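Subject: Structure handover

Hello,

Here is the structure we spoke about. Please open it alongside this message.

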Amino acid sequence: MENNLTYIQSGDYLIPDLRLSEQPQKPLGKYGRMRKAYLKEHRPILYNQLLMTEKLYPHLLEIDETAQSRLEQMMPQLAEEVGATEALKAADPMQWVGLMNTCKAQAEEILMMELINS
């Protein structure tokens, strides 16, 4: 059996020289980091499998991008349902901000259940 691994001498021990290939260094957003924390804490076997096969970063990036696009789609719909219009924004800005914060919290809760913690 042929072994193509290289080793590094550390004292009396030979340690395999294992390195991951270069990954694109686009920073992860909020939802990608949340998914990583969830996998690390609640699904460690899946986390390690994705990490060792070098599929973790692309997976986290995909989750982050999907969550961002879903948030952008949901916010106008939720705002329309609760009546957070431009007229309300001009008439009572504090109420409009409160409604928009509620809509964002609802949308993020949906994203957490559907994408992050699944």
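Below are the notes on confidence, cores, salt bridges and surface.

This is a predicted model, in which local features need pLDDT of at least 70 and side-chain atom pairs count only at pLDDT 80 or more, while totals for chains, interfaces and linings use all residues. Residues are numbered from 1 along each chain as its sequence is written, and side-chain values use heavy atoms, with hydrogens and water left out.

Confidence

The predictor's confidence in each residue is given as pLDDT, from 0 to 100. The chain has a mean pLDDT of 91, and 96% of its residues reach 70 or more. Among the elements, α1 has the highest mean (96) and β2 the lowest (88). Helices (H or I, at least four residues) and strands (E, at least two) are DSSP runs, numbered from the N terminus.

Nonpolar cores

A nonpolar core here is a set of buried Ala, Val, Leu, Ile, Met, Phe, Trp, Tyr and Cys residues joined through side-chain atoms within 4.5 Å. Buried means under 20% relative accessible area, exposed means over 50%, and partly exposed is in between (1.4 Å probe, protein chains only).

The largest core holds 17 residues, and those with the most contacts inside it are Tyr31, Leu71, Met75, Met100, Ala107 and Leu111. Helices α3 (56-82) and α5 (93-116) each supply at least two residues of this core. Leaving aside residues up to four places away in sequence, Met100 touches Met75, Ala79 and Ala84, where contact means heavy atoms within 4.5 Å. There is also a second, separate core of 9 residues, including Leu28, Leu39, Leu50 and Leu61.

Salt bridges

The structure has 3 salt bridges, each defined as a side-chain nitrogen of Lys or Arg within 4 Å of a carboxyl oxygen of Asp or Glu.

- Lys26 pairs with Glu65, with the closest N and O atoms 3.2 Å apart. This pair links distant parts of the chain, since Lys26 is in the loop between β2 and α1 and Glu65 is in helix α3, 39 residues apart. Lys26 counts as partly exposed because its relative accessibility is 44%, and Glu65 counts as partly exposed at 43%.
- Lys30 and Glu108 meet through their side chains at 2.8 Å, N to O. Lys30 is partly exposed, with a relative accessible area of 37%.
- Arg70 pairs with Glu114, the closest N and O atoms being 2.7 Å apart. Arg70 belongs to helix α3 and Glu114 to helix α5, so the pair ties together parts that are 44 residues apart in sequence. Arg70 is partly exposed at 25% relative accessibility, as is Glu114 at 42%.

Surface

Leu5, Tyr7, Leu14 and Leu18 make a nonpolar surface patch of about 420 Å². Patches are made of residues with over 30% relative accessible area and no salt bridge, with like charges joined within 9 Å and nonpolar side chains (Val, Leu, Ile, Met, Phe, Trp, Tyr) within 5 Å. Accessible areas come from the Shrake-Rupley method with a 1.4 Å probe, and for residues only the protein chains shown count as cover. Leu18 sits in the loop between β2 (13-16) and α1 (30-42), and counts as exposed because its relative accessibility is 62%.

Ala37 is found in helix α1 and is partly exposed, with a relative accessible area of 43%. The C-alpha atoms of Ala37 and Ile116 are separated by 9.5 Å, although these residues are 79 apart along the chain.

Regards
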